[in-house]
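Visitor: I have not looked at this one before. Can you walk me through it?

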Amino acid sequence: MRAEFAHEQAQTYLRQRNRFAVLAGVLGLTTLVSLGAAVTRDEQVVLVPITAERITVSSGGIDAPYLELVTRDTALMLLNRAPESLDYWMANILMLADPAAHGRLKAELVRIVEEQRGSDISQAFVIAEMHVDPKALTSTVTGTLKTFVGTQVIASQRRSFRFRWSKRGLSLALAGFEQLPTDKEEPGQ
């Protein structure tokens, strides 16, 4: 009787050991496949046309250098425009827009396009300084905004613009922009 009980107990331990061995094998194989995939997977890097820095985006937040480069490119695209390129200009800015702000931004851009279409007025912006706040996802660009009629410069003024950004996952999108009042202007004018 003791021999039967001992044999039955041994068989139970043997089945348990075999289940653990199979589980360990499956986990080991899964680990090897995961390591292989991690080693052979391509690294994804955000490429910026002109920068000496290597820039990456992570889910942890936006780095100040990345926000600065995105702001620079967006400011130059937004503030340099001519009547001949208004449709291209608006389409490219809307590609950067946050879906939640798309309608409002489009309304602002359509207003600008309607004012400028058919005219001979162009504008160019030269950046003098920039401040970014990655935590608040805002950036401010200050520089000289030149207005042209044909080839004649009719205005050259120092202006500041604020950009608001939104982050969804790994993407950064334009949530809004505004011209800030100058020292000579009062807010609301």
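Guide: We can go through the model, its layout, its salt bridges and its surface.

Visitor: What kind of model is this, and how are residues numbered?
Guide: This is a predicted model, in which local features need pLDDT of at least 70 and side-chain atom pairs count only at pLDDT 80 or more, while totals for chains, interfaces and linings use all residues. Residues are numbered from 1 along each chain as its sequence is written, and side-chain values use heavy atoms, with hydrogens and water left out.

Visitor: What does the chain average in pLDDT?
Guide: The average is 85, and 87% of the residues score at least 70. pLDDT is the predictor's confidence in each residue, from 0 to 100.

Visitor: OK, salt bridges. How many does the structure hold?
Guide: Six. A salt bridge here is a side-chain nitrogen of Lys or Arg within 4 Å of a carboxyl oxygen of Asp or Glu. One of them joins D87 and R117, at 2.8 Å from N to O.

Visitor: What does R158 pair with?
Guide: R158 forms a salt bridge with E129, at 3.1 Å from N to O. R158 is in strand β3 (residues 152-168) and E129 in strand β1, 29 residues apart. R158 is partly exposed at 48%, as is E129 at 34%.

Visitor: And which residue meets R162?
Guide: E178 does, in a salt bridge of 3.0 Å from N to O. R162 belongs to strand β3 and E178 to strand β4 (residues 171-180), so this pair ties together parts 16 residues apart in sequence.

Visitor: Different topic. What does UniProt list for residues 20-39?
Guide: The unreviewed UniProt entry lists them as "transmembrane region". UniProt positions are given in the numbering used here, feature names are shortened, and annotations may be inferred rather than shown by experiment. In the model, the span is 100% helix and 0% strand, with its end C-alpha atoms 28 Å apart.

Visitor: Which residues make the nonpolar surface patch of about 320 Å²?
Guide: F20, L23 and L27 make that patch, and L27 is found in helix α1. Patches are made of residues with over 30% relative accessible area and no salt bridge: like charges are joined within 9 Å, nonpolar side chains (Val, Leu, Ile, Met, Phe, Trp, Tyr) within 5 Å. Accessible areas come from the Shrake-Rupley method with a 1.4 Å probe; for residues, only the protein chains shown count as cover.

Visitor: How many of the 189 residues count as buried?
Guide: The share is 29%.

How values were computed
Helix = DSSP H or I, 4+ residues; strand = E, 2+ residues; numbered from the N terminus. Buried < 20%, exposed > 50% of the residue type's maximum accessible area, 1.4 Å probe, protein only.
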